[in-house]
Amino acid sequence: MRKLLFTGFIMLGLYASAAQQPNILFMLTDDHAVQSIGCFGTIFENYDPTPNLDQLAAEGVKFSNAFVNNSICAPSRAAILTGKYSHNNGVRAWEEFDGSQQTFPKLLQDAGYHTVLIGKWHLHSDPTGFDEWTILPGQGDYYDPKFLDAKHDRKNPIQKKGYVSEIITRMAEEIIRNRDPKKPLAIFVHHKSVHIPFLWDERENDWLEGETLPEPPSLRDSWEGRPAIVTAHNKVPNIEMLHKNFEDGIKQKKTKRYNDPAEKSMTIAERNTHRYQYYLKSYLRTAKSIDRSMGELVAVLEDEKMTDNTVVVYMSDQGFYLGEHGMSDKRWAYEESMRTPLIIKHPKGIKGATVELFAMNLDLAPTLLSLAGVDVPADMQGRSLAPFLGGKEPADWRDHAYYRYYDSKGYNIPQHQAVRTDTHKLIYFPEADRYELFDMKTDPVEMNNLAENPEYRETLQKMQKKLAEARKEVGDEDEDVYPIKR
Ligand code: CA
């Protein structure tokens, strides 16, 4: 594995004394696919989908192998806030987040930060650890969204006119411009985009119009050689599945409606291909509003002369399938949803670096605490990424990412545990006691399951051992088939 690549020069002094705590702009988005972002490498690069995120990466560090522990919204968000795996933060699937527990915003608040949260929360309980918060109820709406805050509950929400990403950006701008200069600011900008249904800002109506976008190589995966529990649960393992999102999208869409008379004369295969293009364009257009938001907020920091003392973080709560393996959505431990984009720019850090060692969503809490000069509590399970920002590789860095998905009652996806190393990935489906094994070097898009191949028996055993060790290391002693409640 290449470890740390960087260009530019190293500057030290990343760790703050109390008097020099940096401001923090933490942008968290929803379901933003790594493979759709320019700086991480995308088949859509000709369309320049993310110029502002690419610029942020050019001025900071991008983590090209950042993984989540559990690829759904609430569990990943709980892991980000607490720096702990699901079995230790209590959100395995749909549980309400226990807001009385330790989170890094609370610790920043204790250390003198003014903490503000705007946007999607989705942890069911009210936010804690924020001096001010304004959130979308549940998933929220793309157009004319309602918001809740400490004074406005679900019965009495505030409705704002316009497009959600734009509204959240303007609220964040107002907070930044009117900040208390005596206190460091930690602002959490949590966008709704790019969650389904993909409803974009009208400014993107013409973007990509008339273009034929490239298709990912695993779009028409036949799922051959995969355990029955995978193919049986995944009832529509082909691009027909994409239509559900498509239908959900047009139901609520307030911009151009999709109604293409040309489809009437098409075969099903042709129609699938045709609609897939619409799906992709809807997704990329919706994601454009996130990229614009980052560009605008970075410009606000510049205008407020805050660039030199503000850490900027960009990440999603997990990745997403843009048709890979014929899928939409997330949840599975395959790369597209186990990975998440992560970029961190420290004003005194290295520029334009790529870290290929494994980062995890659990690392953000210790990273931001250490950058703020706050001691990282011993019970946090992530590790600080701060040394990487200064161009240093920490000793004994992790050589694997451990993953667990619990919610077999939702979306017909079986429970699974996985371990990803530089060379292999093992996925275990305990309800059927079956495995998938992929060689990540020769088969990076995970089309060829080697678990039943006798030539790979030794590798399988090695990875089974690795998975057991990973579980032990993080203290995951839950039963193999966890009795999840909905
Ligand atoms: Ca999500």
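Colleague: Glu-96 lies in the loop between helix 3 (86-89) and helix 4 (104-110). Is Glu-96 buried or exposed?

Modeller: Bear in mind that this is a predicted model: local features need pLDDT of at least 70, side-chain atom pairs count only at pLDDT 80 or more, and totals for chains, interfaces and linings use all residues. Residues are numbered from 1 along each chain as its sequence is written, and side-chain values use heavy atoms, leaving out hydrogens and water. Buried means under 20% relative accessible area, exposed over 50% and partly exposed in between (1.4 Å probe, protein chains only). With 55% relative accessibility, Glu-96 therefore counts as exposed.

Colleague: And helix 2 (residues 73-82): how many of its residues are buried?

Modeller: Helices (H or I, at least four residues) and strands (E, at least two) are DSSP runs, numbered from the N terminus. The buried residues of helix 2 include Cys-73, Pro-75, Arg-77, Ile-80 and Thr-82. Helix 2 is largely enclosed by the rest of the structure, because the buried count is ten of the ten residues.

Colleague: Which residue does a cis peptide bond join to Ile-196?

Modeller: The loop between strand 9 (185-190) and helix 6 (228-233) holds Val-194, and the peptide bond from Ser-193 to Val-194 is cis, with omega near 15°. That loop between strand 9 and helix 6 is also where Pro-197 lies. For the bond from Ile-196, omega is about -10° and the partner is Pro-197.

Colleague: His-122 isn't a glycine, so what is its phi?

Modeller: His-122 sits in the loop between strand 5 (114-120) and strand 6 (132-136). At 11% relative accessibility, His-122 counts as buried. Its phi is positive, at about 60°.

Colleague: What relative accessible area does Glu-446 have?

Modeller: Look in the loop between strand 17 (434-439) and helix 12 (457-474) for Glu-446. Glu-446 is not a glycine, yet its phi is positive, near 55°. Glu-446 counts as buried because its relative accessible area is 0%.

Colleague: What distance separates the C-alpha atoms of Tyr-279 and Phe-198?

Modeller: Tyr-279 belongs to helix 8 (residues 268-303) and is buried at 3% relative accessibility. Tyr-279 and Phe-198 are 81 residues apart along the chain, and their C-alpha atoms are separated by 8.3 Å.

Colleague: Last one: how far apart in space are Val-374 and Ser-36, C-alpha to C-alpha?

Modeller: You'll find Val-374 in the loop between helix 10 (364-371) and helix 11 (386-389). At 16% relative accessibility, Val-374 counts as buried. In sequence Val-374 and Ser-36 are 338 residues apart, and in space the C-alpha to C-alpha distance is 35 Å.
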